Amino acid sequence: MNISIIIMFAAITLMTLFVTYYASKKTKTAGSFYTAGGGLTARQNGLALAGDFMSASTFLGLIGAFSLNGYDGFFLMYPALISFLVILFLVAEPLRNLGKYTLGDMITSRYRYKQVRGVTAVNTIVISIFYMLGQLVAAGALFKLLLGIPYNVSVLFVGITMLLFVLFGGMTATSWVQIIKAILLIGGTVVLFILAMFQFNFNFLSVFTEAKTATPFGENFLNPGIKYKSSLDGISLTLGLLLGTAGLPHVLVRFLTVPDGKTARKSVVWLMWLMGLFHVMVIFLGLAATKLVGTGKIIEANPAGNMAAPLLAQVLGGGFMFAFVSAVSFATILAVVAGIVITGATAFSHDLYNEIFKNGKATEKQQMFMVRIASIAITAIAIVFSLFLQQFNVAFLSTLAMTLAASSNLPVILMTIYWRKFNKTGAITGMLVGLFGTILLVVIGPNFWSPVEGQALFVGKPIFPLASPGIVSIPLGFLACYIGTIIGNRKVVKQPDNYDEILVKAQTGSDVGGVVNH
Amino acid sequence: MIQTDEKVFVEQPSIKSTEYSENKTTFDYSSIVKSDHFKKMCKEKTVFTVSYTIFYMLYSLLLPYLALSTNLLNGKIIGEISWAWIYAISMIPMSFIVCSIYLKKADYFDKEAKKILENQEV
């Protein structure tokens, strides 16, 4: 391990502790711990959203995907950008106008039942743990590759560092670490992009021509179909990624850290510009890695292509750039994992502990204690699972979390806001069927079963043919909401209806003033 | 189960009107929903949201179909750049354009919402 890497990692760790120290002074109440007091500006939240959403798989995975699969890298990239249009058009403002600390608050603003809150909270925690597993497994594999640190030590190091600033700095520290990470990530990518394009004399067309000659796929490298053969699988994957973001609890919670719907909307715009700029550079960096590093070397370092970006950095800027890219990856993982932990812990402390077990009467001190305990517990569970899932496909874990979110949370969120007849039974049925339906389809699908030994967990023919079940599980979630609603509306005792209130608040933000000072 | 529902229902706060902010402003939500101004705004919002959502969803989902099941996008335009690349890269400007249209329209809806609430303050 070279000295630059040690210095860079130490700098990132010190920076997060410094941010935590200042944030801890402002984190005195449960509200400030959960959502940073709801006082972030659009630019701050846009950057924090970028820091929250653009994970190591975005940075390392996408550059790797373009470097090895050429055109097919797009299928993993563009749905992420478009998914924020779904959030912008359908979710961001109503969520800000109706929610307070958690997704459970938003859903129960319409159905004030403990069952609904409980299912939403458990759903949030399950999705968060699945998403976190993907990040921790990636962290372990990445630092083993980048620095030679053993997998188990890497997972523990990331988990404990992240936990330190979550425990003391809450959402304020998490937001600032995410903002700084987004600046580092985009800044680092710009530097890498300029250095890479300098090698091609800034002739962008020649990047394509030269990349084609440097890969065994030749002409086909620039055509669709190297990795994805079936359009049905491609559409299913795209659908899961397009709709999944709008159901991811840790992304949705970011809209509760701003004062109103207008700021929520503007923060999405900030994110989309940052992400669009980042995506353009990623395409060229991937192709540049093909030419300047070489497909063989990239695969030799990691068959999934995750080492393409660090290897490209080494070719372009030597040990210093390699260390810088490694440090950015470290900051990236820390920021994403922290966002996930705080979301899961808030769902436990606010929804399960305060609202359900204590009937909303827990003191600030009790809630602060419980959210910290929950942060430790969620991190510990994710670390333990990560240690056993070392050989699991990281992309699969993240995609599964996205599909779970799209199938269980999104239908309920949309119907709560937009369908008058939707009721409690529909909400609970939709969430449970979406959650367990997706898990079942994955368990009977090609990720678990393959006729070829070693390609999946079990040997055998998969009952469900698609690796990404979104095309079935997402409509299933919506259908379950519908059927549950029909059954619920048949009951003798009518469920209370406050849809007028929800509609006005969601569409006008009439009540959001009351949430500003939470 | 039914009894549980009933009990929770009784415990619910009033659903007719709710306090607004610290200023204690209250709204009669039922009458806002019934007002023509609110109905008109909701209708406009629905038409706008649904039409654009259908557009960008179809635009996105069409790419894997056209790219993986047809040869329509294989033709080259400049150098090695085919229509498939142009379509895929166009997702970025398309997002920016749709996003800008939304921002403009949202400002209009904000003004409408403000008028509706001002007219309905109790």
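What follows is a short exchange about this predicted model.

Biologist: Which scores does the model have, ipTM and pTM?

Modeller: The model is predicted, and its scores come as a pair. The pTM is 0.86. The ipTM is 0.85.

Biologist: How many helices and strands does chain B have?

Modeller: From the N terminus on, the elements of chain B run α-β-β-α-α-β-β-α. That gives four helices and four strands.

Biologist: What share of the residues of chain B count as buried?

Modeller: A residue needs 20 or more other C-beta atoms within 10 Å of its own to be buried. Chain B has 122 residues. Those that count as buried make up 21%.

Biologist: What share of the contacts in chain B with a separation of 6 or more comes from residues 24 or more positions apart?

Modeller: Take the contacts in chain B with a separation of 6 or more. Residues 24 or more positions apart account for 50%.

Biologist: Which element gives the most to the side of chain B that touches chain A?

Modeller: The contact takes 53 residues from chain A and 50 residues from chain B. On chain B, elements that each supply at least two residues include α1 (2-11), α3 (36-69) and α4 (83-120). By type, this side divides into 32 nonpolar, twelve polar and six charged residues. The most, 15 residues, comes from α4(B).

Biologist: Which residues of α19(A) make the contact with α5(A)?

Modeller: The crossing of α5(A) past α19(A) is right-handed. On α5(A), the contact is made by P94(A), N97(A) and L98(A). The contact residues divide into four nonpolar, one polar and one charged. On α19(A), they are I502(A), K505(A) and A506(A).

Biologist: What is the handedness of the crossing of α7(A) and α8(A)?

Modeller: Helices α7 (residues 114-147) and α8 (residues 151-199) of chain A have axes 8 Å apart and pack at an angle of about 125°. That makes α7(A) oblique to α8(A). Among the residues that meet are G140(A) in α7(A) and G159(A) in α8(A). The crossing is right-handed.

Biologist: Is F18(A) exposed, partly exposed or buried?

Modeller: F18(A) lies in helix α1 (residues 3-26) of chain A. F18(A) has 13 C-beta neighbours inside 10 Å. Exposed means 12 or fewer and buried 20 or more, so F18(A) counts as partly exposed.

Biologist: How far apart in space are F18(A) and G426(A), C-alpha to C-alpha?

Modeller: In sequence, F18(A) and G426(A) are 408 residues apart. In space, the C-alpha to C-alpha distance is 46 Å.

Key:
Residues numbered from 1 in each chain as written. Chains lettered and ligands numbered in written order. Predicted model: local features only at pLDDT ≥ 70, side-chain atom pairs only at ≥ 80, totals over all residues. Contact = placed C-beta atoms within 7 Å. Nonpolar A, V, L, I, M, F, W, Y, C, P; charged D, E, K, R; others polar. Left-handed = near helix turned anticlockwise from the far one by under 90°. Axes fitted to C-alpha atoms, helices over the stretch in contact; angles between N-to-C directions. Parallel < 35°, antiparallel > 145°, perpendicular 65-115°, else oblique.
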